[in-house]
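This report is intended for a reader meeting the structure for the first time. Please keep the sequence and the model in view while reading.

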Amino acid sequence: MNFLRNIEQVYRRILSIREIEENTTLQWLFGGLLFYFFVTFQQWMGSSAITVERATNAVCWPYFQECGRLYFLHYLPSGYSHTTFYMGMFGIMLSIVYLMWRGHWARAHMLLLLLFLWKAFVGYVLSYTILGMYDTYHLVLTASLLFLPHKEYFTKIIFVTLYFVSATIKFYPSWILGTYFSSLQSGLPLFPDALTPLLTNSVIFEQVVGCWFLLSKHKIAQRLSLVYFTIFHLYSGTLVLYNYPAASLLPLLILFGPMYRYQRPPLSWKSAAGWIVVVALFLLQIPSLKHDVDTVRMTTANNRYGMWMFDSNHQCVMAVRYFYAPEITLTKSSSETLAGSTCTTRECVVKKDVYEENGQWVREERVESAISWQRCDPYQHWRALKNLCSTDIPRIAMTFDHSINGEPFYRIIDESDACSLEYKAFGKNTWIKAPPEAPPVGLPLKNIYRY
Amino acid sequence: MDTSQKTLPLIELKELAGNDILRLDATQSALLPYVDTIAGVWWALWICTLVFVIHYVWRHGDRSIK
């Protein structure tokens, strides 16, 4: 018993648990962040994305392209382990609520750490696509609450830094002219089109300058900033639904609302870890700034390492030809000759065909993005195709056309054998081109924002 | 919206002479020649803000805190 008590004492000291025990703001934040774990896991529980059944077509991070090998949960009807696992998570979340109510913050903290580790592991090791930008907000704020000393101050400044860093992706026509919204069929929600540039530039100003007033000791300036961002998040929900407001509005109101107090920035050795995290948020933006901004928007190179939400309005068309091994014979099924298309949430297959060419069977598909928030990330699409390469399909030819903010489509990939390509995690991938190297091939219709 | 019920394609790729290129309204057209300048101003303001924040933290930081 003494051994366990000693471990708890060390844990409490290293992770500054006393701060949570003595600080009502942090206790509310604990609950707010726990709530978002519930939001995340209830979505993941209904998805087969990270299960053995999907391992062969997993889209992994460029820095760890074998992620599918680590999948261990089985999705129904193959097995119950996936749903059992997430009911275990539900049990942990319930236990945390009980421990919070009893005031056992060290034990609640240990369990929240488990939730954090699983979410971070899935998002940064097991899947390239499962996390949204709101999940990054959630994970960074949770890390601050779990690990840093001076938790209240650093969670506040990290929250503000996330706004500040997000502003840099908006220094582009998408937001300066507002073409993100004017190239949508439905335009900017609730406001007349003429106000689009005014409103989009006001967001830039608030994310560059206004956000820092959230930390102000001047009550009126602090409250004005709080009101702006509260309205901003409520308004953004008309596009992004509950996810982003749930991840950001709760921490905003808890940290900067009625319980807000001005704190001087801590400058001591103990605060070094907090400042390192703040600097890291800036550094994470650098990989996507390695190339000029137009190239990054078009190729999305290294885009996922920093903030990228709502950078541009994307449309893409991918034409694929699967070349089958000579010994394989395909027959034209009804689905291949059917007129019209098959749509998932993100994309539509608008053409399918099967034919013989030079003694080899070929299956052809044309896939179009169906929504503006589909990122049209060429890596993601290529990776999904590469997963299909095998002795049965030794060659896949692909073209990938990408349009941004209603501008022309550019053919950024035109490869006769996608199976032989490799993707460099950090270097330049010469097979993904940007204008002027990528030729213009067409003009888009206005894009669609929908779910 | 159920797109499976819509007549597709959603994207009409008619080569460069096909669809109308994105039309900007009067305000956007007026701002268009200055996009790079405006982006430069935003970057300058961003850097100035960052410098100010670093200066503020350094000057008003609490060095007595444990």
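Predicted model: local features only at pLDDT ≥ 70, side-chain atom pairs only at ≥ 80, totals over all residues.

In chain A, 7 strands form an open sheet with antiparallel pairing, and their order is S2-S3-S4-S1-S5-S6-S7. Strand S2 (342-343) and strand S7 (440-442) of chain A are the edge strands, each of them pairing on one side only. Strand S6 (residues 409-415) of chain A joins S7(A) in the antiparallel sense over 2 bridges. Within S7(A), A:Pro440 is the bridge partner of A:Tyr410.

Helix H17 (residues 378-386) of chain A lies across strand S1 (314-323), strand S3 (347-357), strand S5 (395-404) and S6 of chain A. The helix runs at about 160 degrees to S5(A).

**Cavities and a pocket**

The structure holds 4 cavities of 30 Å³ or more. The largest cavity contains about 80 Å³ of space. Its lining includes A:Pro62, A:Tyr128, A:Arg304, A:Asp377 and A:Tyr423.

The second largest pocket has a volume of about 490 Å³. It is lined by 26 residues, of which A:Trp175, A:Val203, A:Phe232, A:Tyr235 and A:Ser236 are the closest to its centre. Helix H6 (133-147), helix H10 (196-208) and helix H11 (219-240) of chain A each supply at least two lining residues of this pocket. H11(A) gives the most, with 7 residues.

The table sets out both linings by class.

| Space | Nonpolar | Polar | Charged |
|---|---|---|---|
| Second largest pocket | 20 residues | 5 residues | 1 residue |

Methods. Residues numbered from 1 in each chain as written. Chains lettered and ligands numbered in written order. Heavy atoms only, no water. Pairing = 2+ DSSP bridges. Helix = DSSP H or I, 4+ residues; strand = E, 2+ residues; numbered from the N terminus. Contact = heavy atoms within 4.5 Å. Axes fitted to C-alpha atoms, helices over the stretch in contact; angles between N-to-C directions. 1 Å grid on protein atoms, 1.4 Å probe; cavity = no way out; pocket = protein on both sides within 12 Å on 5 of 7 lines; lining within 4 Å. Points joined across faces, edges and corners; volume = space filled by probe spheres on them. Nonpolar A, V, L, I, M, F, W, Y, C, P; charged D, E, K, R; others polar.
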